[in-house]
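Here are a few notes to go with your first look at this one. Have the viewer open while you read, and take the points in any order you like.

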Amino acid sequence: MPDPLEELRATIRSAAGAMRDAAPDAITPTLERPPKPELGDYSTNAAMLLAPAFGQAPRDVAERLRSELDARLAGSAERVEVAGPGFVNLFLADRWHRESLAAQLDAGDAFGRSTPERPERVLVEFVSANPTGPLTVAAGRGAAYGDSLARLLELAGHEVEREYLLNDVGGQVRRFAESIAARMQGREPPEDGYRGEYVVELAGDLATAGADPADLEELARSGTEAMRERIAATLERFGVRFDTWFSERFLHEGSKIQAAIEHLRRRGHVYESEGAIWLRTTEFGDDKDRVLMRSDGEPTYFAADIAYHRDKLERGAERMIDPVGADHHGYVPRMRAAIEALGHDPDLYEAPIMQFVRLVEGGERARMSKRKGEFAALDDLIDDIGVDAARFFMLQRSHDTALDLDLELARLQSQDNPVYYVQYAHARIASILRKAVAEGRAPAATDGMADEAALAKAASADGALAAPAKAAERALVQQLLELPAEAVGAAERRAPHRLVAYATASAADFHAFYRDCQVVGAPDGLEQARLAICVAAKRVLARTLDLLGVSAPERM
RNA sequence: GCCCCGAUAGCUCAGCUGGAUAGAGCGACUCCCUCCUAAGGAGUAGGCCGCAGGUUCGAGUCCUGCUCGGGGCGCCA
């Protein structure tokens, strides 16, 4: 896919290469928009990066780079300047903007997509909340993060699988079954059981279906299955769908755990002590060794998880990304150690730490504990503020920052709500296109809406457009061209929250364009050019919102 | 005690792997609808980037120490 900014970067690299008599290692210069428009359209720090290797003052290197670039950008740049400590600033011609916009439109839906140097098969395992209760808001943050990350990785050219690990066996599940049984018999759940109202309802349903309160095995099975369905329904509402629901029970029943332990034993990392079987994780940087098989003969969750990750690798995963809650972050070093003990590079296992979400309203904070029965359910949050606001707010902040979600702000269906800022820009563009069709200034598609593809095609024809000349036009075009790099950067850094900032900035640039540039009714050529900019902006906003899992409305 | 994360505007937080005069939203204050959606725009006020050192042409960003807050240190998951 043509990426005009990537071509500019390549030009800078080649100019830097041409002057590298001292042959420094490859540098990765920045290409960014300077803080003030007077400083040019783009700026690079390449000279400052090269200066140490040349043993020259940054400004002198910058001057040499300037003349190299000046020659290479003859048709595209009006001028190239050296400024500040050694920045080389590019003032690009109208023609460059026109051609870049045309290239973007020509790429259609492929714009933003990229091909990594080394595409990977990535398995993103997320949410994986115990099927012993409804999803909490905290799980929702993990869902929003994991799903957006998966979407980003796909756009960045990787092969992605979304997977949910169902912890459908073990102590928590037993307590869950005991709690259901107690409710079926009209008793209170045990002290360490699940006391939520949903357990009462579930017990009623199972009783109606003829379940036997004495058969804990069966209650565990049907209870977790009922919860799994409920969780899946909540996630579906939330716009999150998994490729695979992986049952931990499968690992136990299929002797996968024994096989994994045996594998580790053959590699020489397993020993017995105090009646238990241990993995020598300290060999790989962990604080202490960890138990795989308890003295009562039951495998630990850790052993099951090792078998699980081994299974992921056997299924072809080249990278495993497991966003985990902050309350489990202590678990990460031992899992890393286990990956290494299995004979793999531990770096292919990544566990982004999800910090907590706190719901804030008038200073009050909801607690989130499933077992005590007082929790903030994701469904309740969606009912309250809607999917778009929920996902936008949860993705607004870096995953490793604790988030206070302000319900009062998120609930507002008004101008104060930051979600609508971006959506409104999209709706405004749709409105312009509708008007253009209504006045016969743009072709209509079969559905009566503007034929965006036709507009794009006409615009990308060579020389068809007047050049974007106003500052607001140029700024918007430049902003839209950032999408591919933004998407790749957000994917590589596992940081979907960057897209929220990008979407907000793009919307702001559109609103400024809207203020300064009349579209429908502008002089011939200019009107076509602006309609093309509108189409490009609409696509970028829709794409970005989609990556966030937020809708892009045609009207508001 | 050890480990992880955080500390940036009144509030909630960004800051693109070290670059130019540190940004956004909310809140406060002033303006702008004969005009494609005012869910918008223009502007003002608001900062010792937790503290102290260090690294270098340059540090909110990297290193060390400290303070405060959150979390974790189980043969639970």
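1. First, a reminder: what you have on screen is a predicted model. Please read each point below with that in mind.

2. How many cavities of 30 Å³ or more does a search of the whole structure find? The search turns up 1. The space in the largest cavity comes to about 40 Å³.

3. Who lines the largest cavity? Sorted by class, the lining holds 5 nonpolar, 3 polar and 2 charged residues.

4. Next, have a look at helix 6, which runs over residues 171-184 and has 14 residues. From the first C-alpha to the last, helix 6 reaches 20 Å, close to the 20 Å expected at 1.5 Å a residue.

5. Is helix 6 largely enclosed or open? Of its 14 residues, 10 are buried, so helix 6 is largely enclosed by the rest of the structure. The buried set is Val 173, Arg 175, Phe 176, Ala 177, Ser 179, Ile 180, Ala 181, Ala 182, Arg 183 and Met 184. Note that two arginines, Arg 175 and Arg 183, are among them. As for what covers these buried residues, helix 7 (197-208) and helix 8 (216-237) are included.

6. Don't stop at the end of helix 6. Just after it comes Gly 186, with a positive phi of about 75 degrees.

7. Positive phi turns up in residues other than glycine too. Glu 274 has a phi of about 55 degrees, and it is not a glycine. You'll find Glu 274 in the loop between strand 7 (270-273) and strand 8 (276-279). Is Glu 274 buried or exposed? With a relative accessible area of 71%, Glu 274 is exposed.

8. Arg 494 is worth a look as well: its phi is positive, near 55 degrees, and this residue is not a glycine either. Arg 494 sits in the loop between helix 19 (483-492) and helix 20 (497-516). Here the relative accessibility is 14%, so Arg 494 counts as buried, the cut-off for buried being under 20%.

Terms used:
Residues numbered from 1 in each chain as written. Chains lettered and ligands numbered in written order. Predicted model: local features only at pLDDT ≥ 70, side-chain atom pairs only at ≥ 80, totals over all residues. Heavy atoms only, no water. 1 Å grid on protein atoms, 1.4 Å probe; cavity = no way out; pocket = protein on both sides within 12 Å on 5 of 7 lines; lining within 4 Å. Points joined across faces, edges and corners; volume = space filled by probe spheres on them. Nonpolar A, V, L, I, M, F, W, Y, C, P; charged D, E, K, R; others polar. Helix = DSSP H or I, 4+ residues; strand = E, 2+ residues; numbered from the N terminus. Expected span 1.5 Å × (residues − 1). Buried < 20%, exposed > 50% of the residue type's maximum accessible area, 1.4 Å probe, protein only. Contact = heavy atoms within 4.5 Å.
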